[in-house]
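Biologist: Could we go through this structure together? I would like to begin with the contact between the chains.

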There are 2 protein chains.
Amino acid sequence: MKKIEGGITAATGFLATGICAGIKKEKKDMAMVYSKTPCKTAGTFTTNLVKAAPVKWDRKVVRESGFSQAVVVNSGVANACTGQAGYQYCEDTAKKAGEVLGVPAGSVLVASTGVIGKQLPMDIILKGVEALQKNLSDTTDGALLAAEAIMTTDTMPKQVAYEFEVGGKKAVIGGMCKGSGMIHPNMATMLCFLTTDIAIDKMLLQHALSEVVQDTFNMVSVDGDTSTNDTVLLMANGMAGNAEITEENADYKVFLEALYQVMGFLCKKIAGDGEGATALLEMKVIHATTKDQAKQLCKAVVTSSLVKTAVFGHDANWGRILCAMGYAGAIFDPEKTDIYFESAAGKLKIVENGMDAGYSEETATKILSEKEVAIIADIKEGSESAVSWGCDLTYDYVKINGDYRS
Amino acid sequence: MKKIEGGITAATGFLATGICAGIKKEKKDMAMVYSKTPCKTAGTFTTNLVKAAPVKWDRKVVRESGFSQAVVVNSGVANACTGQAGYQYCEDTAKKAGEVLGVPAGSVLVASTGVIGKQLPMDIILKGVEALQKNLSDTTDGALLAAEAIMTTDTMPKQVAYEFEVGGKKAVIGGMCKGSGMIHPNMATMLCFLTTDIAIDKMLLQHALSEVVQDTFNMVSVDGDTSTNDTVLLMANGMAGNAEITEENADYKVFLEALYQVMGFLCKKIAGDGEGATALLEMKVIHATTKDQAKQLCKAVVTSSLVKTAVFGHDANWGRILCAMGYAGAIFDPEKTDIYFESAAGKLKIVENGMDAGYSEETATKILSEKEVAIIADIKEGSESAVSWGCDLTYDYVKINGDYRS
């Protein structure tokens, strides 16, 4: 298993592109992904009660047929809180894409990200679909254009691909995602599109996606806000030529591991590129009794505004970490807990049995000044652990969100 | 019932003061409250698993005897995560105060606020207790000095008093509180001290406090972080001379209403003085089916970083409000919901049935530019409602918390 160049077009049979359709001013704002053959398709979606129209459309496609062959994405307008008209626009977009691509409208997924409450500019979208089809490419260029076109406040495109072997055949998973704000656990986080050429049973594909989402995207928080549009889609076209995976055998495990690598990579990209962030914050809870307990403790820490501002200030204010664990809703013994800081600059114990470990403030500040910072809490109970990812809270987060629409 | 001048010393028989003891540099940092006679005492405390030593001490006093006669408070050091030594320091402080005041150590409550993880400077504290006793005063000056001495990042002292009549006797509730950051529902929020001269049964006193806390302090959020030290204490010395209230009669209802006025006033002061805040944000959910449902929806909105930054930017980004309600965990129908903005500058419907109501952005921005802004969500289901309070999220919040300890 190895990381390779490229992203959403790395797996055999997938094409993609991105264009400036005119929704945003002089920025790419529409992307298309297309598979030469129909794909078994899995998806996970926001748990927010307010679901954007494209979430409703894609859920229907994934749950009813479980097959798709293309995705049309726009950035700039979220198509959320747009009523019946908004849903109709998803259908119109899928229909148009179906026409130009020569596939059924019901096999076209759609996704949107941007401002809530505005209707899509449908004339621009429909023309955009035509232009996208003409520019589809199976190159790394095509993948990069698509990854760029789905960005909103993201400062960089986010894509990755892994190659692995199943049943003697080379297979690939590639993916791209976007997300920087309105990001918080619970089928968290943004838009993510994954393509693979592996042949696998449909139910098993969904099973794999749902499992890996729990430990990756659902463990990311930028600002505690679970969006209306969060979507992860995984398309598998079977073109790798492996014998179809129909049970949780060794091949399945290799696939699951590759999927974990791809999704883990992408979700760290999202956390590290959180709106206004200067640092990626990784929180590990080790020696927990149960995995759920470890997860709850992890999430509370990366979500705490006070921890996040302390990381921004390179301030080893560890009381805030223990305080956040204390209100996480999981039981543990603060007076048995050790806490460490770790980064490229070293590792340091700052709390021992719930109290100041007598550390050097200078060393702590040095460790906290790196671009990637880990906090490790050892609660000394059992053998389970969990990891979550977030970022610091900065002036720029306030700037970006105090004035998002202008 | 009417609001009167003063605070913690307004009720008959209560004295207070505040001094610069030397914990902080050139700022008042210790306060004392004293009653001429023993007080029935009620308290509510943080739900955080990490409980500061003074919380443990006060809980014991309130639960075991339910009587107290004095409170010693320090700001600067929270005495949280300080182990057995921290608890011993509470006992030592109470003992010293008992000596100088001539009351049992077990009737002295203690409270601390400030940095977590540091031990109290006990020589300063013990000398401070002596100085406090010498300066006790039943004047409004004494009350103000005490209210000033408990401040940390607060920008202003917070106190209030109400006068009311029970059984033909004039009675008073006075109070002071502090709190600006690490503030979030769940026996929320900071330190609050309340004194009253009413005569009331001990269980009923606790019952009243617990009930009013639910609708006041537990509905405030500055930053989503539930502190380790949150404490509300209510002391009743019976000196008003009313016949003791022993059941939930008309007198009890008058007392409850006065308590609600006092605590409502103080908790709005905390929200409006949230760290770095430029505006008090009030969130009302009306026409809910149940009160709990209304409360959950309210809390999610005042806690959302995205709503808070939008208020800071005077930006009518209503999608974020509906989004926050959507992940609140309470069921409602977004597509039936209307949302209004209201302030001194007017009232405006911005969302109708979950969609843009076609409002004027200019008018919305004008309404959002006031110092007190209300959001009203009408979910059109039943007859219950709830209110929560918060504040905007600003550059200064990041500044204050990125560098709190230096």
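Modeller: Across the interface of chain A and chain B, the rule finds 6 residue pairs in polar contact, both residues being at pLDDT 80 or more. A polar contact is a pair of N or O atoms within 3.5 Å; within protein, one must be able to donate a hydrogen and the other to accept it, and residues adjacent in sequence count only if both atoms are side-chain atoms. This is a predicted model, in which local features need pLDDT of at least 70 and side-chain atom pairs count only at pLDDT 80 or more, whereas totals for chains, interfaces and linings use all residues. Residues are numbered from 1 along each chain as its sequence is written, chains are lettered from A and ligands numbered from 1 in the order in which they are written, and side-chain values use heavy atoms, with hydrogens and water left out.

Biologist: How many salt bridges does the rule find across the interface of chain A and chain B?

Modeller: There are 2, a salt bridge being a side-chain nitrogen of Lys or Arg within 4 Å of a carboxyl oxygen of Asp or Glu. Lys56(B) forms a salt bridge with Glu335(A), their closest N and O atoms lying 3.1 Å apart.

Biologist: Changing topic: where is Ser35(B), and is Ser35(B) buried or exposed?

Modeller: Ser35(B) sits in strand β3 (residues 30–45) of chain B. Ser35(B) is buried, at a relative accessible area of 0%; buried means under 20%, exposed over 50% and partly exposed in between (1.4 Å probe, protein chains only).

Biologist: With which side chain does that of Ser35(B) make a polar contact?

Modeller: The partner is the side chain of Asn237(B), at 3.4 Å. Beyond the neighbours within four places in sequence, Ser35(B) also has Gly13(B), Phe14(B) and Gln69(B) among its contacts.

Biologist: What about Thr113(B), buried or exposed?

Modeller: Thr113(B) is buried, with a relative accessible area of 8%, and belongs to strand β5 (residues 108–115) of chain B. Leaving aside neighbours within four places in sequence, the residues in contact with Thr113(B) include Asn74(B), Ile150(B), Lys178(B) and Asn229(B).

How values were computed
Helices (H or I, at least four residues) and strands (E, at least two) are DSSP runs, numbered from the N terminus. Contact means heavy atoms within 4.5 Å.
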